[in-house]
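Biologist: Can you take me through this one? Start wherever you like.

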Amino acid sequence: MIYVRCRSLDPRFNLALEEYLLSLDTDEEIFCLWRNGPAVVSGRFQNIFAECDVPLAEDRGVAVIRRITGGGTVYHDGGNINYTVIRSKDENGLDYPAFIAPVAAALRELCVPAEISGSCVTVKGKKISGSAQTTVGGRVLHHGTLLYSADLNDLRRFTTPPSACFDSAAIGSNPAPVGNMIDVLGGDPDPEEFADEIGRIVSGGAAPLEPESFDTDAIEKLAEKYASWEWNIGSSPKFSFRGGKDTKMGKIRLSYTSKRGVIDGAEWSGPYENEIKNVLIGARLDRAALRDALTRATSDGSFAGDAAGFILSGK
Amino acid sequence: MKKTVTMPELKKGMKKAVLCRWNVEPGQKVESGSELFETETEKAISAVEAEENMTVLRLLVDEGDEVEVGAPLMEVEM
Amino acid sequence: MENKKPEWLRVRYNMREVNAIYALADGLELNTVCRESGCPNIGKCSKCGSATFMILGKKCTRNCRFCDVDCGAPEAPDPDEPRRVADAVKRLRLTHAVITSVTRDDLPDGGASAFAAVIREIREMTSATVEVLIPDFRGDREAIDTVIRESPDVLGHNVETVKRLYPVARPQAVYERSLGVLKYVKDNYPSAMVKTAFMVGLGETRDEVRELMRDVRETGCDLLTAGQYLQPSEDHLNVVEYVTPETFADYAADARKMGFLGAVCDPLARSSYLAADLYRDALAVREKNGETR
């Protein structure tokens, strides 16, 4: 087993590291533990605007990134520990529990009564881990979150749909209650040390490799993708938006469709109707770009700022 | 025209079935779609409908008789 | 076989309508799961002019102890079958086509490419929405991807029964793998409706059924059907219980509370039963949920 312990908190670097490890030409199992600074991480195929209040995240300095595996949108902060397992395809095929089992066993050894439930891990009925998989070439990447001492208020805040304006929003009815492992462990949380302990058990005491042991140039190059609008937003699925907002200048009514993160059809009624009419179509779903375009069109920077936020969140 | 209604193959591979209940009697004018009789397959109580309007002439088997698929059950005038 | 069934297990057949469907299928050299599995709803569905086609032959490579489909040496796949299925969908004027298959563990992709071809042909020749009910492809992600790539409107995979009864009822399948299939599909194709079905009356408890439903819901699966297990022959598993319509109604209510977009729970329900209505109603719920959130 190749055990990698990454201490960077940069979500773009870390997702790039994962993708890099997946591309390595080896049959060996790779196990990696890492954490991110505050970040909203959406599934490969999701409309990120429907899953998270993106303008709010940006205001709060929370990174907004799309990962390569499918599934739902999650929130990472320093109290969440991410684990990645990479194995070669085998005849067992899809088997979430088989990929989760070593980590769950390690948690139990660390006095966390972890139980595997489908593709999740629960502790006393609360979900502490979800996971997702993808396969490239003959290699399977499975990764999951582990809530150790995460800020659950922020987790809820940043993974709640901002409005009902988006048509392709995932219906997250009755999401399972989540909890932190520190709730059952008590004491002072030290996520870095806890992660080290998980790694020690899963790897059988092997000395961990750091990212520096690999081709960091290649990883940094890949990290550009995770910092790019083209990947994070530009690979959004088609969606449509319909909503309204009261502003000082009057009520906005907007409906638009978007393909690949660009508005390709829009109807705007309300303030600055004539000025804005021609500005939206072809506009990128990017707050700074929208704000600039709307400011140029209306000469009303304050209105433009509010409107840009509304276009991206419905709020 | 006089015709016989036979025990249908309600399930693939079915060889015989018990005629559990008659829903009609001799002389009765029956509309297409009404239930003629009930049998029981392994899976369900199965009522068989008349495929056309008909008049029942004679019932050839009794309730409770086990009948082979394809065997005549009743004579009708269509 | 002489216990009288409960009166709620009662069906009606108009053999002219049933035979018309058989004739259409036979004429196109197609199989229907309706006929091959001895589905008791065949009278009702024939009346509506609908049938569920079963591709890749009549012989299954597994031997689940609840199923009436023949097991044995599988038939060579027919590359023209997808086109003929689309032809049948066109002739029946189906607005929602449901396609399933026997399990083909002998084929490298488990038959995934045949499903893909059927979806393409139906889309090319008709304007029907397409629902495919797939086997587990032995958990082969690439096989599942092959089907996902064709964007079926509904993608179903049946869990069939509760975890405890897998060794008895479905010895060649794995509970977690079937859940994994549902999750993998929903994760990688979130705009699909993902569907599953299971049987009751095999000896499961109410709590086990609810746990099954929770496990399934956790995968993101949207639609559910549950029906009474009916014993096809003496060689198949015994019916342990005839579950009452009231209990089915409870299961349906539980499903809705758990957030399923639709659930058909009825003694005679099967995975394809009322599939078109279930899909259509679920679309409406999804739209309404979007509006009221």
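Biologist: What is the bridge partner of Ala47(B) in strand 1 of chain C?
Modeller: Arg12(C) is the bridge partner of Ala47(B). Bear in mind that this is a predicted model, where local features need pLDDT of at least 70, side-chain atom pairs count only at pLDDT 80 or more, and totals for chains, interfaces and linings use all residues. Residues are numbered from 1 along each chain as its sequence is written, and chains are lettered from A and ligands numbered from 1 in the order in which they are written.

Biologist: In what sense do strand 5 of chain B and strand 1 of chain C pair?
Modeller: Strand 5 (residues 45–49) of chain B pairs with strand 1 of chain C in the parallel sense, over 4 bridges. Two strands pair if DSSP finds at least two bridges between them. Helices (H or I, at least four residues) and strands (E, at least two) are DSSP runs, numbered from the N terminus.

Biologist: How many residues does the contact take from each chain?
Modeller: It takes 19 residues from chain C and 16 residues from chain B; two residues are in contact if their C-beta atoms, placed from the backbone, lie within 7 Å. On the side of chain C that touches chain B, the elements giving two or more residues are strand 1 (10–13), helix 1 (15–27) and helix 2 (33–36) of chain C. Strand 1 of chain C gives the largest share, 4 residues.

Biologist: New topic. Which residues of helix 10 of chain C are buried?
Modeller: Phe248(C), Tyr251(C), Ala252(C) and Ala255(C) are buried. Buried means 20 or more other C-beta atoms within 10 Å of the residue's own, exposed means 12 or fewer, and partly exposed is in between, with C-beta atoms placed from the backbone.

Biologist: Where do they fall, seen down the axis of helix 10 of chain C?
Modeller: The buried residues of helix 10 of chain C fall within an arc of 100 degrees, so they line one face of the helix. The arc is that of the directions from the helix axis to the C-beta atoms. On the other side of helix 10 of chain C, Glu246(C), Ala249(C), Ala253(C) and Lys257(C) are exposed.

Biologist: What do the buried ones pack against?
Modeller: The buried residues of helix 10 of chain C pack against helix 9 (206–218), strand 8 (223–228) and strand 9 (262–265) of chain C.

Biologist: And what comes just after helix 10 of chain C?
Modeller: Gly259(C), which takes a positive phi of about 100 degrees.
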